[in-house]
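Here's a quick briefing to read alongside the structure. Have the viewer open and click through the residues as they come up.

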Amino acid sequence: MATSAVVVLLLAMAMPQGEAARAFFVFGDSLVDSGNNNYLTTTARADAPPYGIDYPTHRPTGRFSNGLNLPDIISEQIGSEPTIPYLNPELTGENLLVGANFASAGIGILNDTGVQFLTIIRIFQQFEYFQEYQQRLAELIGEEQAQERVNNALVLITLGGNDFVNNYFLNPPLTTRRRQFSLPAFSAFLISEYKKILARLYELGARRVLVTGTGPLGCVPSQLATQGGNSGQCAPEPQQAGALFNPQLVDMIKELNQEVGADVFVTANAFQSNMDFIKDPQKFGFVTSKVACCGQGPYNGLGVCNVLSNLCPDRNVYAFWDAFHPTERATRLIVQQIMTGTTDYMYPMNLSTIMALDSNL
Ligand SMILES: *[C@@H]1O[C@H](CO)[C@@H](O)[C@H](O)[C@H]1NC(C)=O
Ligand SMILES: *[C@@H]1O[C@H](CO)[C@@H](O)[C@H](O)[C@H]1NC(C)=O
């Protein structure tokens with residue numbers, strides 16, 4: 001009896017109870033949208049087959065993936081239910097405790113990014129919904145408890161890719177932003193705007209925020225098809241964009257953490273973690289990191305992924321699902337680095353360290 005009681009107690013101590021109960025909030029673009037755009041009049045949507053083909057229900061959900069997306073896999077790692085899109089009517093009652101997903105495909109750091117997608121939820125509107133959410137949570141569990149839940153939550157924000165590929169680099173080549181800025185100056189401008197966005201998130205109560213950098217934009221099938229070299233080299237200018245943006249993001253996060261006096265913001269180097277399997281796909285069990293599983297044209301990188309597209313039979317051996325977004329399996333590799341990566345990937349620390357630090361919350 002006594003022994004089994006001790007075993008039970010030890011098990012209970014080993015279970016990260018604070019973590020299991022921790023809320024998770026998600027902001028950003030299509031890499032993290034779990035279905036908000038299904039409720040909007042926009043062309044940026046993933047609500048038709050074959051999206052979702054490997055999702056547990058095998059149906060499209062609005063996630064830009066064959067299966068789970070980045071926030072789903074992070075939820076899995078922290079022992080939470082997947083975040084529900086803010087516009088989904090199921091986000092009510094007890095479900096509010098899980099957190100919420102405010103992300104909207106097509107948006108960027110800048111308000112003028114993604115105008116071609118019509119009505120999408122720009123970042124400051126996502127924050128207005130976050131305030132609305134907090135009022136609803138307070139009605140459920142009381143003002144003080146709601147505040148505490150928000151302060152103790154894990155937050156993920158993913159922005160920046162669209163400011164390059166769906167704004168600066170859009171065709172025709174002389175976009176307004178390109179006339180206004182050189183590439184290094186544009187990247188610096190994005191970082192200064194991003195800093196304001198993150199400061200606002202802090203004001204709204206976020207105290208543990210994962211901030212992803214942009215991936216290797218020049219290597220996604222869309223850019224290989226439209227701007228890449230003949231033999232499939234990554235497009236140099238979008239590559240340079242990612243190479244500029246990510247180190248500047250780390251510097252900005254250092255400043256911001258100094259200003260708030262704590263390691264609130266943590267950057268995830270998506271450029272590096274994507275480059276690992278893009279450079280050596282075979283090492284990670286992929287047959288290609290250039291050709292998208294779903295699409296058409298060179299590298300399956302043109303147009304949208306829909307029922308008329310080419311579709312690969314085994315999504316586990318492709319790094320890219322569609323012209324812009326990784327497969328679930330590639331996303332799992334990215335999350336592995338988020339969990340346990342060195343400071344080259346996660347600055348100033350990885351998510352397993354965060355979970356250990358915050359386990360008393
Ligand atoms: C973007 O829009 C928000 C609210 O609509 C506004 O507060 C913000 O200043 C705008 N940002 C820029 C750079 O114009
Ligand atoms: C990341 O996680 C591993 C444990 O999985 C740990 O050994 C390592 O020190 C961590 N790195 C940082 C920079 O926090």
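Let's start with the sheet: six strands form an open one, in the order β2-β1-β3-β4-β5-β8, and the pairing is mixed. Its edge strands are β2 and β8 (346–347), each of which pairs on one side only. Bear in mind that you're looking at a predicted model.

**The β8 end of the sheet**
- Strand β5 (residues 265–268) and β8 run antiparallel and are joined by two bridges.
- Across that pairing, T267 stands opposite Y347 in β8.
- Y347 also takes part in a cis peptide bond, with P348, where omega is about 0 degrees.
- P348 itself sits in the loop between β8 and α13 (351–357).

**Helix α4**
- Helix α4 covers residues 123–141, so to speak a run of 19 residues, and spans 27 Å from first C-alpha to last, close to the 27 Å expected at 1.5 Å a residue.
- Which residues of α4 are buried? They are I123, Q126, F130, Y133 and L137.
- Looking down the axis of α4, those buried residues fall within an arc of 60 degrees, so they line one face of the helix.
- Over on the other side of α4, you'll find F124, Q131, E132, Q135 and E139 exposed.
- Just past the end of α4, G142 adopts a positive phi of about 95 degrees.

**The loop with G215**
- G215 belongs to the loop between β4 (209–212) and α9 (221–227).
- Is G215 buried or exposed? G215 is buried, because 27 other C-beta atoms lie within 10 Å, and 20 or more is the cut-off for that label.
- Leaving out residues up to four places away in sequence, G215 touches G161, G242, A270, F271 and N274.
- For a sense of distance, G215 and N306 are 91 residues apart in sequence and 24 Å apart in space, C-alpha to C-alpha.

- Another cis peptide bond links P49 and P50, with omega at about 5 degrees.
- P50 is in the loop between β1 and α3 (70–77).
- L118 isn't a glycine, yet its phi is positive, at about 65 degrees.
- You'll find L118 in the loop between β2 and α4.
- L118 counts as exposed, because it has 12 C-beta neighbours inside 10 Å and the label applies at 12 or fewer.
- N300 is a residue other than glycine with a positive phi too, near 50 degrees.
- The loop between β6 (294–295) and β7 (310–311) is where N300 lies.
- With 28 C-beta neighbours inside 10 Å, N300 counts as buried.

**Around ligand 2**
- What surrounds ligand 2? The shell is made of T340, T342, T343, M349, N350, S352 and T353.
- By class, the shell around ligand 2 has six polar residues, one nonpolar and no charged.

Methods:
Residues numbered from 1 in each chain as written. Chains lettered and ligands numbered in written order. Predicted model: local features only at pLDDT ≥ 70, side-chain atom pairs only at ≥ 80, totals over all residues. Helix = DSSP H or I, 4+ residues; strand = E, 2+ residues; numbered from the N terminus. Expected span 1.5 Å × (residues − 1). Arc of directions from axis to C-beta. Near = placed C-beta within 6 Å. Nonpolar A, V, L, I, M, F, W, Y, C, P; charged D, E, K, R; others polar. Pairing = 2+ DSSP bridges. Contact = placed C-beta atoms within 7 Å.
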